[in-house]
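Hello! Here is the structure I promised to pass on to you. Have a look at it first, and then read my notes below.

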Amino acid sequence: MDDARDLDPQQLRSFLAVAETLHFTSAARRLGIVQSTVSQHVSRLEQAVNRTLLVRSTKQVTLTQDGHMMIALARDILSAQDRALTWFDRSVIRGYIRLGISEDLTMTRLPEILGIFREKYPKVDVHLRVGLSGSLQNDLDNGSVDLLCTKRRIGDARGTTIWREPLTWFGNWEPGTALPLVVFPEPAITRLIALECLNSAEIPWYVAFTSENLTALLAAVRAGYGVTAQSSFLRQYDRSLPVAEGLPETPEVDFIVIGKTETLEGPVKALADTIAAHSRQITPRVARRRA
């Protein structure tokens with residue numbers, strides 16, 4: 001038997017097409033070549049391995065025992081060839097990205113967009129790190145995150161804005177009493193904005209509940225622990241969240257994509273571009289609520 005390196009990929013593909021359809025004409029149509037070429041490929045493959053792979057008659061095509069074995073071998077050979085060509089193809093983007101996202105974005109369609117990226121760039125592995133915006137910024141600065149999708153205050157220069165919206169006050173509060181706050185720990189952006197708004201409006205407050213977990217904060221709000229200022233789109237995610245009245249309007253925040261450097265390259269740039277291209281699909285725009 002000739003060395004496996006002498007097995008022609010075109011012959012293997014023609015053989016597989018016939019083996020899967022059991023019909024030379026159908027195989028030729030699938031491959032976009034003429035039937036005589038398919039027949040020639042199969043005959044040359046049989047000569048190369050010195051075995052009969054197909055039994056032909058005027059009515060049908062059947063596989064021999066060697067033909068059944070060749071199906072698996074041909075698929076393995078072609079798959080290995082494809083992997084090799086893909087690996088050394090400079091046009092194929094591959095790599096490993098550590099992506100940080102703020103927890104509220106896990107409740108949007110961002111995970112679906114990551115799925116779109118995965119389909120387009122199957123050779124890029126994405127490792128997610130979910131956390132507080134302030135902490136994730138530190139992770140980006142110290143190099144433990146390659147790309148960040150999170151919030152920033154209006155006026156901050158770093159990052160590319162993918163959309164902008166105000167925060168919304170969620171919870172129940174009786175005006176004229178000290179406001180019980182349900183907040184993330186420092187250095188959360190939503191905590192800082194909430195405190196600044198309340199202090200500017202001279203509304204007394206105290207921290208009633210704190211957690212690094214957004215789900216826990218929302219559960220505390222639903223349980224009546226107090227009020228929190230969070231992304232407006234959470235109301236669409238959970239209609240049971242009560243909207244607090246009588247509180248000062250919050251400033252808008254930017255939802256951004258940001259890399260370690262202003263110039264993004266390779267797989268990191270591909271992921272940032274994918275998120276930006278689908279930014280309108282991440283979450284519907286929410287009308288600004290007037291107090």
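**A loop and its neighbours**

L22 is found in the loop between α1 and α2, where helices are DSSP runs of H or I with at least four residues, and strands are E runs of at least two, numbered from the N terminus. Please keep in mind that this is a predicted model, in which local features need pLDDT of at least 70, side-chain atom pairs count only at pLDDT 80 or more, and totals for chains, interfaces and linings use all residues. Residues are numbered from 1 along each chain as its sequence is written, and side-chain values use heavy atoms, with hydrogens and water left out.

Although L22 is not a glycine, its phi is positive, about 55 degrees. L22 is partly exposed, with a relative accessible area of 40%; buried means under 20%, exposed over 50%, and partly exposed in between (1.4 Å probe, protein chains only).

E202 also has a positive phi, near 55 degrees, and is not glycine. This residue sits in the loop between α7 and β8 (205–210), and E202 is exposed at 71% relative accessible area.

For another loop, go to the one between β7 (179–183) and α7 (189–200), which holds P187. A cis peptide bond joins E186 to P187, with omega about 10 degrees.

Finally, look at helix α10 (residues 266–277), which has twelve residues. Which of its residues are buried? In α10 they are P267, V268, A270, L271, A272, T274 and I275. If you wonder about the spacing, an α-helix has 3.6 residues a turn, so residues three or four places apart point the same way.

Enjoy exploring!

Notes
Expected span 1.5 Å × (residues − 1).
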